[in-house]
Amino acid sequence: MIWNKIESSRREDLENIQLSRLKETLQRVYALTPFYREKFQERGITPDDIISLKDIRKLPFTTKKDLRAHYPFGLFTVPMSEVVRVHSSSGTTGKPTVVGYTKSDMDVWDEVMARVFTMAGATAEDIVHNGYGYGLFTGGLGMHNGAEKVGATIVPASGGFTERQLLLMKDFGATIMALTPSFALHMAEVAKKAGADYLKDYKLKAGIFGAEPTSKGLKQEVREAWGIDYHEVYGLSEIIGPGVACSCKKSELLHVFEDHFFVEIIDPITGEEMPEGERGELVITPLTKQALPLLRYRTGDITSITKEPCKCGRTMLRMESIVGRADDMLIISGVNVYPSQIEHVIANAYGVTLNYQIVADKKGHLDKLEIHIEVSDEIMSDNISEMEKIKKNIQSALLNNLYINAIVKLVEPRSIERSLGKAVRIIDKRRENEQN
């Protein structure tokens, strides 16, 4: 099913829409945002100098630092009387980034989320269990409105309270779950421990997962644990929230809703455009945002894009799952590595689960990397020779595939602390030591 026929537009028609909307956005920010007007003047350009989509390269980038510098409402282009909702990030690394929505912005958000739910097969006959957090975080309410838009029944479970969520999914007959993939696996563990038979006790057919980088192995583990279709949703609060892109039933690549979001892939170091198909930093320009229009927002997320049409009939360009973040990339003894690459190696290893933590530290002046991985329930922890074999195989795979020497420590099942939201995968003690 396709929610809106524009998702199958000819590329020429789509690019005409993008250019028209980009020009409207440029006029808006130039007239209403002193920050951008100064940026334009510094570059010696005006909105009239942007006559094609390729000219977007002439525009300045926007960063999270810019949003924090204008905290809380300094980049809004409408009076607060026209702002119907405010969301913000957690602010764990500084001031939170604050975003606002007009009624028009909310309509766009509902529209793109309706497309997401339609990709997952949702109709008015479905019951959606929403395990994303409600509040200043955009996940819960973004999912909520999208499910209502397609007429589905929404259960606003929010985050945490694992046992209660399992009870609600079973008793209410949820057919679609929406939550982070790591929490979905945690729920599966708890259900299994309680003796639940997923295929008999639950009516789930699909899940909409996002908010954290995910390897193919983790996706497959979620699919197998719950016996459902896996749909990955991408978004970020600065742009709109969840709903920038989503995967369909035919491919793991995510369809970008290009009529509302213009995307670029750049080299995170030089800022230069990357060729189609090559990985780099994702840059997004919202084309229809009213309260907080941003130009060339640097997301920090590493991915690639392709314009190859999908078998599902949608023609908008597609992006691969986020590989990692430019600021989450680990540099171990001069080798660049993303957590998802390590996860891919673990996913292909025998006898372990995808519950792990990466611990980076220093030994003298040298980098030291430890990876703590839970063994599966089927492995006997007192069988020293088998444990040693598993450990050596993983260490060898990490060296051969990623060129990193790592100390692998196998730990008991369910011994790594679980997160009820985004999984905490990296503990970089080098940064902690630098700050102390």
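Colleague: Which residue stands opposite Ile407 in β20?

Modeller: Glu370 does. The model is predicted, so local features need pLDDT of at least 70 and side-chain atom pairs 80 or more, while totals for chains, interfaces and linings use all residues. Residues are numbered from 1 along each chain as its sequence is written, and side-chain values use heavy atoms, without hydrogens or water.

Colleague: What makes β19 and β20 a pair?

Modeller: Two strands pair if DSSP finds at least two bridges between them. Strand β19 (residues 366–375) and β20 have five bridges, in the parallel sense. They therefore count as paired.

Colleague: What makes the unit of β19, α11 and β20 right-handed?

Modeller: The test is the path from the first strand over the helix to the second: with the strands pointing away from the viewer, it must run clockwise. β19, helix α11 (residues 384–402) and β20 form a β-α-β unit that is right-handed. A right-handed crossover also leads from β6 through helix α9 (residues 216–226) to β7.

Colleague: Why is Thr353 called buried?

Modeller: Buried means under 20% relative accessible area, exposed means over 50%, and partly exposed lies in between (1.4 Å probe, protein chains only). Thr353 has 16%, so it is buried. It sits in strand β18 (residues 352–363).

Colleague: And why is Ile17 called partly exposed?

Modeller: Its relative accessibility is 25%, so it falls in the middle class. Ile17 belongs to helix α1 (residues 11–32).

Colleague: What does Thr353 touch, leaving aside neighbours within four places in sequence?

Modeller: Contact means heavy atoms within 4.5 Å. By that rule Thr353 meets Ile346, Ile373, Glu374, Val375 and Ser376.

Colleague: What makes the Thr353–Asn355 pair a polar contact?

Modeller: The rule asks for N or O atoms within 3.5 Å; within protein, one must be able to donate a hydrogen and the other to accept it, and residues adjacent in sequence count only if both atoms are side-chain atoms. Here the backbone nitrogen of Asn355 is 3.2 Å from a polar side-chain atom of Thr353.

Colleague: Which residues touch the most other members of the largest nonpolar core?

Modeller: A nonpolar core is a set of buried Ala, Val, Leu, Ile, Met, Phe, Trp, Tyr and Cys residues, joined through side-chain atoms within 4.5 Å. The largest has 75 residues, and Phe117, Ile208, Tyr234, Ile284 and Met319 touch the most other members. Helix α4 (residues 103–119) supplies the largest share, nine residues. A separate second core holds 47 residues, including Ala184, Met187, Ile228 and Ile373.

Colleague: What makes β7 mostly covered?

Modeller: Six of the eight residues in strand β7 (residues 229–236) are buried. On the parallel side, strand β6 (residues 206–209) joins β7 through four bridges. Ile208 stands opposite His231 there. β7 also pairs with strand β8 (residues 241–247), antiparallel, over four bridges. Val233 has Cys246 as its bridge partner in β8. A hairpin of four residues links β7 to β8.

Colleague: Which strands are the edges of the open four-stranded sheet?

Modeller: The order is β10-β11-β12-β15, with antiparallel pairing. The edges are β10 (261–266) and β15 (324–325), since each pairs on one side only. Ile302 has Gly324 of β15 as its bridge partner.

Colleague: How do you know that the radius of gyration agrees with a compact globule?

Modeller: The radius is taken over C-alpha atoms, and the globule rule is 2.2 Å times the number of residues to the power 0.38. For 436 residues the rule gives a value near 22 Å; the protein has 22 Å, so the two agree. The C-alpha atoms fill a box of roughly 70 × 60 × 40 Å along the principal axes. Buried residues make up 53% of the 436.

How values were computed. Helix = DSSP H or I, 4+ residues; strand = E, 2+ residues; numbered from the N terminus.
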